2 protein chains.
Amino acid sequence: MVRKNSHDHLADQSLPKLGVTPYLELMDKTASSSTDRHSAHLGLLLMWLGDNVLDVMDLELAPFNITESKFDLLLLLTLHDGRELITPSAIAERLGIRRASVTALLDWLEKRNWIAREQSSLDRRMIHVSITPEGRELVEGVLPTFWSACSSLVSELEPEERRVLEKLLLRLNAAIERRLGVGR
Amino acid sequence: MVRKNSHDHLADQSLPKLGVTPYLELMDKTASSSTDRHSAHLGLLLMWLGDNVLDVMDLELAPFNITESKFDLLLLLTLHDGRELITPSAIAERLGIRRASVTALLDWLEKRNWIAREQSSLDRRMIHVSITPEGRELVEGVLPTFWSACSSLVSELEPEERRVLEKLLLRLNAAIERRLGVGR
DNA sequence: CCATATAGTTAGATAATCTAATTATAGAGG
DNA sequence: CCTCTATAATTAGATTATCTAACTATATGG
């Protein structure tokens, strides 16, 4: 959600950076007694980081005129390509959104000729969604940037630190996916 | 972005969960030679986790009929309250969005009487934005849930692991904020 | 063969963003 | 003191990503 575009003049006025301290003071006054302060502090940090991470990714993909969500869908189609019949319903279930929302995404991608819809001959209520050669070409063009953007997120850390972080994030993510009922 | 609401029947058809392996295979084929595979893998995981973390937070705040973005703004006003003059321009700069977008957010919050606008007497082009007693009341009502939601994100980990994670996330976040030119 | 369930779409809404244009005010230079 | 330009905020109009509810077409079980 955070984005800063160049032109359009910004205010001279600017708010001083508070850092995390005022948040922690507020937490002391307002958190339930059953809430662990250290955990909440870490969770807050994780949320801020999550926000920033998604901003970086959208910023990196912006030059390709595609958002992370749409690219994610094309990647899904790429990875399942040829393996199973992909329907809008299945996509909706996987992405955790409504079928109507998938229709909108597919309309957008189809208009650019990156995906194709084909009526299933077995059950004519169903639509088979597939990525087109042009879609595959786009994905191929974007992927090197995508991977380097992923990698740049953690370039700050030493190899050993990355191994430690990976173990921790895997566990956190598994727990959260269980909670949300999603998963890739 | 991922949300699953109850009613509305979902497809029987469902895509098998692929896990991370096909992503890594694809990475081997499509990443630039200068991209470190382990880093990219970790970054991918960080992005997925970021997405899930934001979903959890919005899900936890949903019962209060406020989104994370709007709550974030109210929190900003709370923390700066009385300290400095807060203008729409300053908010736009801090949140990394345009002034026009801030106008829309403020309209929404003002309609609910959670913030107030007052023309500055020093420079009558400027608006002083402040949180109202009702706004403060809302924030107080939401904060216990907010902190417990933060804390729940990392409840999976042991205290020692949390300390390790905190050190790593602080460094990652500092680097990313520098890159995006944002910060709290 | 009909009732009901399912797949997908359409219509219409909301949220969060954007750009470009507009209005009002401030301030600087002649 | 007047005018020009810069700045603050808003408005108008657009896009993206979501939602719910209603609709259409098809399948299937009794």
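At what angle do the axes of helix 3 and helix 5 of chain B cross? First, the ground rules. This is a predicted model: local features need pLDDT of at least 70, side-chain atom pairs count only at pLDDT 80 or more, and totals for chains, interfaces and linings use all residues. Residues are numbered from 1 along each chain as its sequence is written, chains are lettered from A and ligands numbered from 1 in the order written, and side-chain values use heavy atoms, without hydrogens and water.

Now the answer. Helix 3 (residues 68-80) and helix 5 (residues 99-111) of chain B cross at roughly 80°, and their axes come within 11 Å. Axes here are lines fitted to C-alpha atoms over the stretch in contact, with angles from 0 to 180 degrees between N-to-C directions. Helices are DSSP runs of H or I, at least four residues, numbered from the N terminus. So helix 3 and helix 5 of chain B are roughly perpendicular, a term for 65 to 115 degrees.

Who touches whom? From helix 3, Lys70(B), Leu73(B) and Leu74(B) meet Leu105(B), Leu106(B), Trp108(B) and Leu109(B) of helix 5. Contact means heavy atoms within 4.5 Å.

Next, cysteines. Cys150(A) is buried, at 0% relative accessibility. Cys150(B) is buried too, also at 0%. Buried means under 20% relative accessible area, with a 1.4 Å probe and protein chains only. Disulfides over all chains: zero, counting cysteine sulfur pairs within 2.5 Å.

Last, the two chains. A rotation of 180°, with 0.0 Å of shift along its axis, superposes chain B on chain A at RMSD 0.0 Å. That is a two-fold axis relation.

Terms used: Helices (H or I, at least four residues) and strands (E, at least two) are DSSP runs, numbered from the N terminus. Angles under 35 degrees count as roughly parallel, over 145 as roughly antiparallel, 65 to 115 as roughly perpendicular and the rest as oblique. Buried means under 20% relative accessible area, exposed over 50%, partly exposed in between (1.4 Å probe, protein chains only). Copies are superposed by least squares on the C-alpha atoms of residues with pLDDT of at least 70 in both.
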